[in-house]
Structures are given as C-alpha cells and as structure tokens.
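Student: I would like to learn how to read a structure like this one. Where do we start?

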Amino acid sequence: MTQTESKTIDTLLEETRSFKPPEDFVAQANVKDPDVYQQAAADPEAWWASWAKKLQWDKPWETVLQWDAPYAKWFVGGKLNASVQCLDRHVAAGHGDRVAYYWEGESGDTRVLSYAEMLAEVSRVANGLKSLGVEKGDRVTVYMPMVPELAMTVLACARIGAVFSVVFAGFSAASLRDRIQDQEAKLLITADCCWRRGKVLDLKKVSDEAVAECPSVEKVLVWHRGDGIESQSPAQERDVTWEDVVLPQSPECPPVSMDAEDLLFILYTSGTTGKPKGIMHTTGGYMTGVYSTSNLVFDLKPKTDVYWCTADIGWITGHSYIVFGPMANGVTQVMYEGAPNHPGPDRFWELVAKYKVSVFYTAPTAIRAFMKWGDEHPAKHDLSSLRLLGTVGEPINPEAWVWYLHHIGGNRCPIVDTWWQTETGNIMITPLPGITETVPGSATKAFPGVEATLLSEEGKEVGVGGGYLVITKPWPGMLRGIWGDPKRFEETYWSRFPGCYFPGDGTKRDDKGFFWVLGRVDDVMNVSGHRLSTMEIESALVDHEAVAEAAVIGVPHELKGQAPVGFVILRSGFEADDALADTLRKHVGTLIGGLARPERVLFTPELPKTRSGKIMRRLLRDVAEGKVLGDTTTLADPGVLESLKQGYESKES
C-alpha cells in the first residue's frame, strides 16, 4: 500500500487543494448557474419531468411519481421506446450521418458506424430476434465482447420490448449459468471468440457449458468475431448464426411502444449472501436518469465531442454511459475491445490522440495502473483534445486524482469524480464541471434532484463527520426491485433506515458539505470498480475437495482498490503448500471469473468465530491490514487471532 493510500480518513478530509473550473470551460458549460441545486430541491418532480420532456414520448404521462416506499413508479401512464431515444430521433432530426461509434478491436481492426447505420443494424437484429420467436417481456441473456454488435443487441431487445440481461464476457460458465437460470432466459446471444491481451477467449465453449444446464434456453444466437479466430466448440443443434438470422433481415423494424414502467433490463450484482441479485430497471425513469446525467455531468456537445468511457457494457457503467445515456444525447463515441496495456502501456493514450477524444471516463484502478507504468507513456501522445475527465467505480485517492489532472488533463480539464451503483442506474454524487470547485478525493455533491445525506448508527442526521450514506427521496433511475425476490429487495436496501435507500457505503461529509465515499460497510468488495461478494468467493473455495471452511475479506490494493484474500481450513489428508494455494486461486477463477481470484490464500487450523459460530471477518481485516485488533471478547477462542496474525505476517515477509 502506498503512503498516500495509507492515510487515515481524518487526514484525507484535511485535503486542502481545490480546483475551480477553468474560465473557458465555464463559458461554454451546459450548466453555469449554481442555483440549479436549489431549483431542483424546491420541486424534484418538476426537475426530473423537465428532463423527461426532452425525450420522445409516444404518449405523455399522467402522473410524474407514485411513491409507496420502497416502490416507485415514474411517469405513470407514459409510453416510449428506449431505442428511439438513442437512434430514431437523431436520424429524424437530420443527424443520421453523425458518427455513433468509432470502434477499434484489440488486434487493430476498425469500424466507423453512423447513427443511421446503427439504426439499420439494430432493426436487423430486432427482426432477427422476432424471427426466433422473441416477444415483449421475454428474457434474453447476452454474453458478448466489446463490439458494436453488443450495443446493437441491447438496443434491439429494447426496440421489441424484450428484457435483456448482459453478462460480462469475463465471467465463468457457472456464473453465466446461474444468471440464465435465475431469469429463465429464452435466448442466449453470444460470440464465438474475442481477443484479450493477445489471447483468444473461447466464449462459445463457456456458453455451451452454461446452457447445458439451462432448459429455458431455446436457441443460442452466435456472432462470429472473425479476424482469423474461431471457437473450438462444435456447433450444437440449438445454435443459429448471426449470418443466417440477422444479416438477411430488413433494416426497418417498428419500435414497440413501452409503458414507462415496463422492464428494460436485468443486471446482476453481487450480494452479501453470495447469490447475485438481479437488479431491475424500467424504461422511462432509467432513460431520464441517464440522459440528464450524461448531459450535465459530462457536459456533452453532440456536434463536437468525442466521448470515451473505457468500461465494458457488461457492467452498469457500460449500460448507462456507453449505450443509453450518450446515445440519447446523440454524441460520437469511441468503443474499444482490448486492454489498456496491450500491446503497450500507452494504448489508451494512442487512441485518445487518434480519435481526438474530448471527454474521457475511466476507473481509479486504471489511473493507478497508469501511474505505476510511468509518466512517459501519456507524454508520448498529443492529449490536447481532452477537455473533461471522469472517474467511476470506487473512491479515488487524492494523489491519483492530481496525477490524472496533471499528466492526462494538462492541468486544464475539470475532473468529475462520480459515485453511483448498479442499483441507482445513474450517477448520484458528482461535481457539475461548470460550477463545482473540486477537491481531490471527494465526489462533492449530490446531482440536482437527488436527495442524499448521512445518518448515524441510530438513524440521526450527521452534519460534518462520518456516517452511513442514504438517499432520502426517490429518483427516476432507481432500481424497481430484485428479480423474483421482493423480500430481499426490501431487506437489503430499505430495512436499515426505513423510508431511505441505503446503498451500504460508509461516507464522511466535510464542512463544505462535500461527500467523501469511503467504501462498503458490508462484506462486498470493490475490486477494480466491480462489486464481488465475499460469500460467493468463499462458496467457490469450499467447492474444492481440499477445503473444509473458508473466509474471504477484501484488503487494500495499490491498483485494484481492493483485492480478495482467502483464509482456508483444509480437510484431513490435504497438505498446506504453495501449490495447493495456487490451485485454489485458479479454482475460484474457473467458477466465478478472473476478477474474483484471491490475491492470496492462507491456510489456518481455525478461524475467529463468535460463540454462536459467526466468522468475524472484521477481525480478519484487522489482521490483514496490520491494525490493532478490536474487541475480541465475543470470540470463542481469542488465541486463534494471534496465530493467524503470526501466519499472515510471516507470509508477508
């Protein structure tokens, strides 16, 4: 852990550096009036409705909001289609020739797609889906790499009213299977292969293994990556190809008019019980949230900006800020298939210079990696086209923020450090780049129309200091529930502080009223901006025949923010050694995916447990972080901790 990252939170709040928006940026900003916060707070429903009205509705709504906590309905009675907001209305307005995506594959192949071309291709995919019997309300699982066809697919599902669920193409067959089974998907759309750091990933092989245990799947639609790579998995009877099903279709497909509260997509996120949660987002509110935040947070100028969000569409950031938000604003984007350091550590900066990117949105994990790789790499490229930088996924340490400003932004680009979640749908806490004086490490203020505050353990509001972050009023992009599990929805997000949405994050507020999000207060880790459940990783460890019991914690990591560490009790007859530790790490990667692979696996004869048998993960974190151990009076055997501490420290040295 670096010296900066080891600062205490109190020291963090003593950050004295601040940065006003540059005058030339303010002069052209989409929002220049600080009164926007007061205007939105005075009448949040009117504020959100003013943004919803900028979208194209087939039928106007009758009621802006119906709120029966924790259940919200926004723009009740209104009808619209999400794909129309992203495509048809721009083409109808005469902007069909504008570039929608500059796409670049890892191996260097490129494509340029205009809004008119995207509309035609989306319509072909939609017609292809209909030819396979997909109807409004059917669930479609999507397991594809970062190619334009992935964006086309989700927009095509939206066009015909099918509920899409994208699964990140780095997830394992077991993870894909569980998500398909949970939503009872009718169709899986996948690719044969993709590139990742010069290696070929066989997605079709993973898909076949997953679907073998998914009786709800009637067909598997396969898109072929080309470029000389193909799957080693043989064709199955249920398989149909993109070439046969999609390409011959008509480039015209009438959009289905959807109720504002009709389900748009399900996206799975980790939970503390181990089983991923199927987060549900609906059409009208979600589109309003991502359209407004894209416009104001990123200050988008559709005629001139080239915007690049480096996330994957398999995560909520890609849904909201690669597909629906930017496209609803009609902006030109860069989409990239590969890694930030392949073939070299300057790959991102090469692409920024090549496409003259003006707005750049990436994760603190990536920024810390860029710092580690060296200042000389961005210095080799002309980054003068950049005018705004953003971060997403986890809190950013101040020194990384300042490095980003200096080495990437040339000390001229405002930085929008954004906090939000899969569940919130859109950005919730963020600077507005034309009016916010930013402080490194702070996400600053709630977005206009979002009511956020801090509560103490007893539920009392905290002015300055630490507390639990809560959202006190509904917002349009909020989750509408957990697929198939309303009780879990209520208990997970609404039971801790009744009437308030509790995201599970600890936060501090300074005397300016700025929020400093500190991270998870439950047993969910934030690894490279992606939420992973400790329980899910523990289950994967125990799945191995050698493991009797396991506990997993997240520890600070210089690049990833957090990394999993596993404490394992072995079954009789198995030898604790480095080879077995490596086997267990790989086993987790196979079952869940590479992101979940523990940084370290440590063997122990016992785990710290209360007398009732609960594993005290808090104390394991204290051991791993070298902290003074907290209260151990509830432990059945306090001596366990000392042996764990010695074992951990001996492995460190």
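Tutor: A salt bridge is a side-chain nitrogen of Lys or Arg within 4 Å of a carboxyl oxygen of Asp or Glu. Keep in mind that the model is predicted.

Student: How many salt bridges does that rule give here?

Tutor: The count comes to 29 salt bridges. The general idea is that side chains of opposite charge can pair when their charged atoms come close. Take Glu-121, which forms a salt bridge with Arg-124; their closest N and O atoms are 2.8 Å apart.

Student: Where do Glu-121 and Arg-124 sit relative to each other in helix α6?

Tutor: They are separated by about one helical turn, because they are 3 residues apart in helix α6, which covers residues 115-131. Glu-121 is partly exposed, with a relative accessible area of 22%.

Student: Which distant parts of the chain does the pair Arg-177 and Glu-213 link?

Tutor: The side chains of Arg-177 and Glu-213 meet in a salt bridge at 3.6 Å, N to O. Arg-177 belongs to helix α8 (residues 173-183), while Glu-213 is in the loop between α9 (203-211) and β11 (219-223), and the two are 36 residues apart. Arg-177 is partly exposed at 22% relative accessibility, and Glu-213 is partly exposed at 44%.

Student: What about Arg-368: is it buried or exposed?

Tutor: Arg-368 is buried, with a relative accessible area of 7%. Its salt-bridge partner is Glu-394, with the closest N and O atoms 2.7 Å apart. This pair also links distant parts of the chain: Arg-368 is in helix α14 (residues 364-373), and Glu-394 is in the loop between β19 (388-391) and α16 (398-408), 26 residues apart. Glu-394 is buried too, at 8%. Salt bridges can also share partners, and in this way Glu-104, Arg-347, Glu-350 and Lys-354 are joined into one network.

Student: Now the strands. How should I read a sheet?

Tutor: Strands of a sheet pair through backbone hydrogen bonds, either parallel or antiparallel. In this model, 4 strands form an open sheet in the order β21-β22-β23-β24, and the pairing is antiparallel. The edge strands are β21 (452-455) and β24 (515-520), each pairing on one side only. Neighbouring strands of this sheet are turned by 45 degrees against each other on average, direction ignored.

Student: How many bridges are there between β22 and β23?

Tutor: Strand β22 (residues 465-471) and strand β23 (residues 505-509) pair over 4 bridges, in the antiparallel sense. Within that pairing, Gly-467 stands opposite Thr-507 in β23.

Student: What do β9 and β10 form?

Tutor: They form a hairpin with 2 residues between them. Strand β9 (residues 193-196) and strand β10 (residues 199-202) pair in the antiparallel sense over 4 bridges, and Cys-193 stands opposite Asp-202 in β10. In the turn, Arg-197 has a positive phi of about 50 degrees.

Student: Which residues is Phe-324 in contact with?

Tutor: Leaving aside neighbours within four places in sequence, the contacts of Phe-324 include Ala-82, Cys-86, Val-154, Leu-155, Phe-164 and Tyr-286.

Key:
Residues numbered from 1 in each chain as written. Predicted model: local features only at pLDDT ≥ 70, side-chain atom pairs only at ≥ 80, totals over all residues. Heavy atoms only, no water. Contact = heavy atoms within 4.5 Å. Pairing = 2+ DSSP bridges. Axes fitted to C-alpha atoms, helices over the stretch in contact; angles between N-to-C directions. Buried < 20%, exposed > 50% of the residue type's maximum accessible area, 1.4 Å probe, protein only.
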